[in-house]
Amino acid sequence: MYYPVSSVLIECIILSVVETADSYGYEISQTVKLVADIKESTLYPILKKLEKNGDLTTYTQIFQGRKRKYYSLTPVGKEHLQFLRHEWSKYRDSLDAIIEGGIRE
Amino acid sequence: MNRESYLQELKKYLKKLPHEDYVDAIDYFTEYFDDAGTENEQIVIKELGTPKQAASELLNQLVEKQTHAAAKTWSMKRTFWLALLAIFAAPIGIPLALTAILLLFSGILVLFSLLVALVSLLVADFLVAGKLILRGLVALPVSFSGGVSLIGLGALLIGIGLLVLPVVPTIWKITKGWSLNTVTRLTRKQVIRS
């Protein structure tokens, strides 16, 4: 993708991914990479931060004989996601209004 | 480079992280390789960059995320060590970073020595002044003019000492402020803004 994606938006994407179903590192990463040119060394600290802030909890499950860490959304994270979604739609609508609608101040 | 040697090298660079964080990070990358599958091993390695680069970025990001957000859960000490680690893992290389750190350290030492020297000078000044005044008092009955000039000299030294005295706390403040500043700036410069 041509446009850079900020780390706040990546937080929003991660929380959205795990909202419907719990997910694991690789899957989350692949989804984020659909829109953002991001490295694991950047993504992992964001996941870690969300976990520390209480937006995400983790648990380990055995998958094909090896461990896999799953991330799931907490009530705090749900609230945070609602806020981020609201902010995102405001941002997107304003951008659309300017870029497509030619709105001026 | 294959997955095993990549992870080995990454471990080397992340070893100094707090144990829990180290295990978490290594687990994450191990699982990532597992989930990507052996057929994508080289793609993953290419994407991550060299282990040194990946470790450096990881440490920087961890420091930045920590200082910006959950400051409560991260003690100052932990942040300091992480920052130090980030410096050492930085691409400029250990020798260069080490030289910079040592230079700064010697700068701080020089300021501190100047301070100590000034304080000793002042102490000596007051001691000599006291001695001169005493000598002058003792000499008064023998030679009035000689005694008075000795007392005068002593008073002059005390005056000079009192003039220089206020400089000491100022230099102390500068030394402290400067060393703290350089340490914080040194650590902040390593953080890649993204």
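Select A:Glu40 and A:Lys33 to begin: their side chains meet in a salt bridge, with N and O 2.9 Å apart. A salt bridge here is a side-chain nitrogen of Lys or Arg within 4 Å of a carboxyl oxygen of Asp or Glu. A:Glu40 is buried, at a relative accessible area of 2%, whereas A:Lys33 counts as partly exposed at 21%. Buried means under 20% relative accessible area, exposed means over 50%, and partly exposed lies in between (1.4 Å probe, protein chains only).

The model is predicted: local features need pLDDT of at least 70, side-chain atom pairs count only at pLDDT 80 or more, and totals for chains, interfaces and linings use all residues. Residues are numbered from 1 along each chain as its sequence is written, chains are lettered from A in the order in which they are written, and side-chain values use heavy atoms, without hydrogens and water.

**Chain A as a whole**

Next, colour chain A by secondary structure. Chain A has 4 helices and 3 strands, and along the sequence they follow the pattern α-β-α-α-β-β-α. Helices (H or I, at least four residues) and strands (E, at least two) are DSSP runs, numbered from the N terminus. Of the 105 residues in chain A, 39% are buried.

Now select A:Glu19 and A:Arg85, whose side chains form a salt bridge at 2.8 Å, N to O. A:Glu19 belongs to helix 1 (residues 7–20) of chain A and A:Arg85 to helix 4 (residues 75–99) of chain A, so the pair ties together parts that are 66 residues apart in sequence. A:Glu19 is partly exposed, with a relative accessible area of 34%; A:Arg85 is likewise partly exposed, at 37%.

**The contact between the chains**

Display chain A and chain B together. The contact takes 25 residues from chain A and 25 residues from chain B, where contact means heavy atoms within 4.5 Å. The area buried between the two chains is about 2300 Å², and carbon and sulfur atoms give 56% of it. Buried area is the accessible area (1.4 Å probe) that two parts lose on being put together, summed over both. On the chain A side, select A:Tyr26, A:Tyr44 and A:Lys52: these residues lose the most area to chain B, together 28% of what that side buries.

Polar features also cross the contact. Between chain A and chain B there are 9 salt bridges and 12 residue pairs in polar contact, both residues at pLDDT 80 or more. A polar contact is a pair of N or O atoms within 3.5 Å; within protein, one must be able to donate a hydrogen and the other to accept it, and residues adjacent in sequence count only if both atoms are side-chain atoms.

Which elements of chain A supply at least two residues each to the side that touches chain B? They are helix 2 (25–35), helix 3 (40–52) and strand 3 (66–73). Helix 3 of chain A gives the most, with 11 residues. By class, this side of chain A has 8 nonpolar, 7 polar and 10 charged residues. Ala, Val, Leu, Ile, Met, Phe, Trp, Tyr, Cys and Pro count as nonpolar, Asp, Glu, Lys and Arg as charged, and the others, Gly among them, as polar.

**Salt bridges across the contact**

Select B:Asp24 and A:Lys48, which form a salt bridge with their closest N and O atoms 2.4 Å apart. Then move to B:Asp35 and A:Arg68, whose side chains meet at 2.7 Å, N to O, in another salt bridge. This pair crosses between chains, from helix 2 (residues 19–36) of chain B to strand 3 of chain A.

**Aromatic pairs**

Finally, show the aromatic rings. The whole structure holds 10 aromatic pairs over all chains. Rings of Phe, Tyr and Trp (its six-membered ring) pair if their centres lie within 6.5 Å; planes under 30 degrees apart count as stacked, over 60 as edge-to-face and the rest as tilted.

Select A:Tyr2 and A:Tyr3, where the ring centres are 5.5 Å apart and the planes stand at 80°, so the pair is edge-to-face. Both A:Tyr2 and A:Tyr3 are exposed. In chain B, the rings of B:Tyr28 and B:Phe29 have centres 5.6 Å apart and planes at 80°, so this pair is also edge-to-face. B:Tyr28 is buried at 6% relative accessibility, and B:Phe29 is buried at 2%.
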